[in-house]
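Here is a walk through one protein model, strand by strand and space by space. Have the sequence and the structure at hand.

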Amino acid sequence: MAKKIIVSLILLSTISFAQNKYYSNSGAKFAAGIEAGLFNGVGFNLNFLTSNFAEDFPFSAKLNIGLSYLDAGNPLDARKIFINNNTNGIPEQSGKTYSFALDFLYKTSILGLKRNHLYAGPRYVMFTGNFNFVGGNEDFDVTSNQWGVGVGLENYFKIVPAVDLVINLGYDYYISEALYGHDTSYSTDGLDVNPREDFTFADADKAVNQPKYQAKAMIGFSYNLN
């Protein structure tokens with residue numbers, strides 16, 4: 001699935017560039033950037049922005065590919081729900097997400113800022129939480145793949161003619177999906193595989209911090225490619 005999404009993003013970017021080359025008077029603009037801050041934990045994203053790529057189309061389009069690090073959840077509960085009731089070993093945990101987003105931006109003078117944009121678009125995130133019990137012979141991942149949607153405000157402030165400072169504030173919502181760990185999975189529809197005891201998806205979802213509702217606060221730079 002991730003490979004398909006990456007290929008789709010590359011194809012969309014290639015089509016946009018091709019349109020700009022073919023319609024030499026279209027006035028299409030392109031920019032690439034990087035942002036860092038808080039989203040699904042602490043992380044950064046690389047992005048590609050295109051605007052004026054279609055006649056009379058009022059929106060810009062922005063592709064984002066991100067990596068973030070976050071608290072994976074409760075190691076003892078995760079072990080109990082996905083593996084067994086052992087308590088030996090020193091628990092350690094770490095989490096990360098790979099995220100893909102496509103936003104459509106609409107320029108507005110809200111807040112009195114000249115280059116302020118409202119945006120909204122779909123999200124796809126791949127979550128991995130690692131739980132390691134040092135000295136306890138248990139080291140396992142819990143994973144999920146989720147779709148979501150995001151909205152926000154993005155502001156651009158010129159530093160030099162080709163470079164902008166970017167401030168991005170937003171909010172993402174992700175649909176809860178099945179959680180997979182070891183040889184066990186818990187699904188939102190109750191079709192669990194090898195569940196432990198009487199545990200359900202609600203128990204697994206509480207123990208593991210797959211993204212749900214996420215505020216976003218990021219700062220970065222955008223470079224004009226034209």
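This is a predicted model: local features need pLDDT of at least 70, side-chain atom pairs count only at pLDDT 80 or more; totals for chains, interfaces and linings use all residues.

Residues are numbered from 1 along each chain as its sequence is written, and side-chain values use heavy atoms, without hydrogens or water.

Start at strand 10. Strands are DSSP runs of E, at least two residues, numbered from the N terminus; two of them pair if DSSP finds at least two bridges between them. Strand 10 pairs with strand 1 over eight bridges, antiparallel. Here Gly 37 has Met 218 as its bridge partner. Strand 10 also pairs with strand 7 (residues 163-174), again antiparallel, over eleven bridges. Asp 172 faces Gln 214 of strand 10.

Now the spaces. On a 1 Å grid over the protein atoms alone, a cavity is a set of points where a 1.4 Å probe fits but cannot get out, and a pocket is an open set with protein on both sides within 12 Å along at least five of seven lines; lining residues have an atom within 4 Å of a point. The largest pocket holds about 600 Å³. Its lining counts 24 residues, with Lys 29, Leu 49, Ser 51, Arg 115 and His 117 closest to the centre.

One cavity reaches 30 Å³ or more in the whole structure. The largest cavity holds about 160 Å³. Strand 4 gives the most to its lining, five residues.

Conventions: Grid points are joined across faces, edges and corners, and a volume is the space filled by probe spheres set on the points. Helices (H or I, at least four residues) and strands (E, at least two) are DSSP runs, numbered from the N terminus.
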